[in-house]
Every structure is written in structure tokens, then in C-alpha cells.
Amino acid sequence: MRQRPESTADALSGAMDALETVVETHGLSKRYGGKALAVDRLDLHVHRGEIYGFLGPNGAGKTTTLRLLVGLIRPSAGTATVLGLPPGHPEGLRRIGCMVEEPTFYPYLSGRDNLRVVARYCGLPEARIAAALDRVDLLARANDRFGTYSTGMKQRLGVAAALLKDPELLILDEPTNGLDPQGMVEMRTMIRGLGEEGRTVLLSSHLLAEVEQICHRVGVIQGGHLVAEGPLQDLRGSAGLVLRATPEDQAERLLRQALGPDAVACRQGAFELAIDPGRSAEISSLLARSGVVVTELRPRERSLEEVFLQLTGTEPGEAAPVREAVS
Amino acid sequence: MSALVGSFAAEWLKLRKRTSTWVLGGILVLLVLVLEYGFALLAITTVPKGTHLGGGVTLAGLREALYPAHFTQMTLSGFVSGVGSAIALILGVLLYGSEYTWSTLKTVFTQRPRRSQVLGGKLAALALTLLIYTLATFAATAILSSVTQAAYGGTSTWPGASDIARAVLVAWLISGLWATLGMVLSVLFRQSALAIGLGLVYAIAVETIIFNVLRGFSWMQNVERGFPGANAQALAQSFGSAVRGATEPAVLVGAGQAAAVVAAFLVAFIVLSALLLRRDVT
């Protein structure tokens, strides 16, 4: 394993560890009937105030995990605490706003009446309903029956219901599903806003760009296993430089002399340098002084998509090092 | 507001705003009026005087049965008939069956109340709805019986207030029995269609047709004593026959025992529902 330099991500990670853990699971497993494990010994940690992206391909076990966390289903093994309480505890549920899978409401009731039902279950004043509807821009259609809503409007009503409790923790399962591009942008802006208000958000998604835009930390699940967990920057791997130069052999010799052999890797005609990207000017001038022409020099940062594809086995054999780096 | 009270308030809002709740109630009232009064009035007005209708029933006896003095027996007869049990059963099925159909149970169970408190709220809302059904049916039959007597002349004689109250409670209990059976079936099968189908088959085919066909066998009475519908019928029959001179059916069990058996089944259905509701919500 390559030693990573100290970074802001490390500092953030350390600070997060010191923070209160809002969602914590240990060896959490769920088996439906005699079938394979839907969730397999999951150890998840969501800290207070962060937006945590729960990432995984379809069928990876994301929704099952969320169902376990809100007490809809019981684990086959392992433990979980949500806001310091067992999943499904009334006191915990009172402080959680959640939307697991698609939002489900009563089709014969209006959007407003559906929120009245939720408010009554929670013992909340109905005065909050208008504000919640306004926040998701649904006030104008509040008196229409839920059955007549578009997918996007249903999704927004689901978020309004989740917000009604003024929750400390929001558990949102693919909240941008079914939304048009404009709706997606609005939803992401709203989720970011919720995070800025100090709420903890556990966001399940299979949309990498979404997670990349919104989340502070990410957990990647595949086949019921958590294959990685950590800040986005850590997941992407350590920072570095990508360099192309001619002549290549001379460039390689100079770089290995200056940076050490372990810090230089050559892939497909490009050098990957495991150094602080801030040293790019120094490297450029070193090579130029020796008559080496630098044709490309840029910071090296893997996209979350690359990381995700590796972790979920699309590029077998490369997942393990990333996991090591993260954990 | 406690979780149980909040749960009741939410359930009542859902039931109150649902059209089918009031359509079912309207059908119950209408069918009791038609089956208990409509056909009898048709017979009185079309069958020649002096005709014996069988089973010791005369036209005069039938007409008197329609008067206010017997409206409690007439209404109870409607409640223990297939109509009353079917309507109550369907309402009970809708209580949870629709939650499974719409997948709204996960929305309900991720709010504040425990599953048992949700069940408590649902039962309270169901009980209130059934009480409204019962009172509306008794009110409708009381009005029609009064109108009938006024049409045929004579002064109205009403049952005592305690008898009316007892009849209302019995009708409420019997409809509660069928509604909770519907509820437990819908929770068991996690849907409405199968629960309604099997519930109606049981209520109409088993408790009504099969028992009536086999009633001639002496051992059948012992079997019937253990069944909810037969006890509900025995409870209603404890008020006596509305039709003067009609052949009284054999008394299966006393009113006290019948009420106890009906109540025991009702409680058993609730407990079974509570246990089944502990299952995973997927």
C-alpha cells in the first residue's frame, strides 16, 4: 500500500471520527427466507451533520439496509443504532424523516391531507404542513389528489413528509428518481441546503454524479458488503500528477532520481507521480533544464465513477488497493 | 397528543375521507331496508289476504313485524344475514389490505407510533365507523317501521330504550366480529382481493349454506357451537322472532355464551393481526 501524504481529507476524516455517530451498524446482515444475504456483515458509520452517500449498483443492498435502519425489517444478524436508539424505536422515528424507495401515500387523499395524516401520526401541529409543501414547491397542487401527481411531484411530497418532523436525520432513498433534469438540480440543491442547516442526511443513490456533487462521505455497497467507506477525496485515491514528456526514457530516469522509484509509475505512455500536485512547477523546470520537453502536466484525480467501477468489480483485481487506502 | 390518539386521528381521517367507507355504509343500510322490509312489504301488498306464507307466518304477522315494536329484531336479522357480515368484512379488509396494495404501510410504520399503536388507532377508527353504520341502519329501519305503521294505521309501540341499546350493541359486536376477521385475513395475505374472496366464501358458503344444509344432523349443532357466525346468529336470535307465529329455530346456545364466543373470536382476530403485523414490511 502506498503511503498517502497528509491532506485536508485526512484532517476532515479525523474530525468526523471525533464527531457523534448518528447511524452505526455492526455486522448487520439480512437474509430473506432461504435466499442469499441481501446485506452481509455491514459496518456503517454516519456522523452528525454530514451528507453521507450510500452508493451501490441496483440490487446491491442499499434499500434493504435503509429498511433495516428504520425498523421496517429485522436483521438476521448484527446490530444497528440510529440516533443512539434501536431501529424503529418511536423516539428515534420521531427524529427521522425518511423516504424508502418510492414515496407511498393514499391516492384518494390530496397532498395536503396526506401530510395531515403524517402529522397526526407524529403528533405534529398541522400548521407545519404549508411550510413543508412550500419548501418542495407543491403548495399550488396541495389540494389535488395524490393519485393525480406526476412521479416528480410524488417524490417532492415524499420529501415534504420527511421534512415535516423537522428531523435531525434524513434518510432518502434515491430521491431524484423520476425527476426531470430541472427537478434533479432542485432536489440536490435542497439536500445540500438541508446539510447546511446541520441535519444529517443519509442519501442512497446509484447516481455517481449526484453523490459526487452532494456528499461529504461515501459508503459503497456491493453484493450486500460495504466495500469502501470514507471521504470522497480518500475514495478517489491520493493526489498526484500525470505527466507526458519526450524523450520518455530520459524523463523517467530524471523523475526516478528526483522523486524516488516508488513515486513514479509509467502507464500507457504517461507517468503517474505520487507527489503533491503543488510541485508541478518544480518538476516542469527540472525536466526543462535537462532538455526534456513536457507535453502534458496535470493533477491526477480519479473520478468517483472510476473508483466505483473498481470497487463494484467492473475492473476486477483493482478494488482491494482502494479499499485499503480508504480504510 | 399520545401516539395512540395520534394514530386514531390519522386513521379516522383516512377512513372518513375514503368514498368506499360511506358507499359500503350506504349499501348496508339500503340492503337491510330492501331485504328486511322491502320484500315483506311487497308480499303484503301483492299476496292475497288469508294466504299462509309457510313456517307459520301469516300476512298479518308479517305486517306486524314491520312495525316499530319489532324494528330491533328486523335490523339484527339484517346484520347477521350475509349482507351485514359481508359489508363489515369488506370494511375490515380495506383497513389493512389497501395499505399493502398502496405500500403505505412503510410510510405509516416509519412515523412515530409502534405497530401495536397503529393497530389500536385503526381498531378505534373501525369501531367508530361500524358504530355509525349500526346507528344509521337502526335509524333507517326505525323511520321505515314508523312510516309503515302510520300507513297501516294504529299507534306506534317502541321497544324499551335498554332493548334498543342492547340490540345496537349486539349489532355492533357482530359487525366487529366480521370486520376483524376481514382485517386478519388482509394482514395474513398482505392484500385485499384474496382476503375479501376467502372471507366471503367463509361467511356465506361455510357459515350459511353448509351449516344450513347439514343442520339436520345432530352432531352438526355441536360443531356449530364453536363457530363465530353461528354464535352471532344465536346472539341475534336471543331477541326473539319479529314475525308472530313464525317457527322459531332451535336455540343453539344462550345469549351470554354466544356473546362470549363472539367476543372471544373478535379478540383472537385482533391478537392474531398484532402478531402477523410484526413481520417484515418489504
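Me: At roughly what angle do the axes of helix 2 of chain B and helix 7 of chain B cross?
Reply: This is a predicted model: local features need pLDDT of at least 70, side-chain atom pairs count only at pLDDT 80 or more, and totals for chains, interfaces and linings use all residues. Helices are DSSP runs of H or I (at least four residues) and strands are runs of E (at least two), numbered from the N terminus. Axes are lines fitted to C-alpha atoms, for helices over the stretch in contact, and angles run from 0 to 180 degrees between N-to-C directions. For helix 2 (residues 19-46) and helix 7 of chain B, the axes come within 10 Å and cross at roughly 25 degrees.

Me: How are helix 2 of chain B and helix 7 of chain B oriented to each other?
Reply: Angles under 35 degrees count as roughly parallel, over 145 as roughly antiparallel, 65 to 115 as roughly perpendicular and the rest as oblique. The crossing angle here is roughly 25 degrees. Helix 2 of chain B and helix 7 of chain B are therefore roughly parallel.

Me: How many residues in the contact of helix 2 of chain B with helix 7 of chain B are nonpolar?
Reply: Contact means heavy atoms within 4.5 Å. Ala, Val, Leu, Ile, Met, Phe, Trp, Tyr, Cys and Pro count as nonpolar, Asp, Glu, Lys and Arg as charged, and the others, Gly among them, as polar. Helix 2 of chain B contributes residues including Trp22(B) and Leu28(B), and helix 7 of chain B residues including Ile132(B) and Leu144(B). The contact has no charged residues, eight polar ones and a nonpolar count of 15.

Me: How many nonpolar residues does the contact of helix 4 of chain B with helix 8 of chain B have?
Reply: The axes of helix 4 and helix 8 (residues 161-189) of chain B come within 10 Å and cross at roughly 0 degrees. These two helices of chain B are therefore roughly parallel. No charged and two polar residues take part in their contact, and the nonpolar count is nine.

Me: What area is buried between chain A and chain B?
Reply: Buried area is the accessible area (1.4 Å probe) that two parts lose on being put together, summed over both. The contact takes 31 residues from chain A and 29 from chain B. Carbon and sulfur atoms give 59% of the buried area, which is about 2,900 Å².

Me: Which residue of chain B meets Glu101(A) in a salt bridge?
Reply: Residues are numbered from 1 along each chain as its sequence is written, chains are lettered from A and ligands numbered from 1 in the order in which they are written, and side-chain values use heavy atoms, leaving out hydrogens and water. A salt bridge is a side-chain nitrogen of Lys or Arg within 4 Å of a carboxyl oxygen of Asp or Glu. The count between chain A and chain B is three. At 3.6 Å, N to O, the partner of Glu101(A) is Lys106(B).
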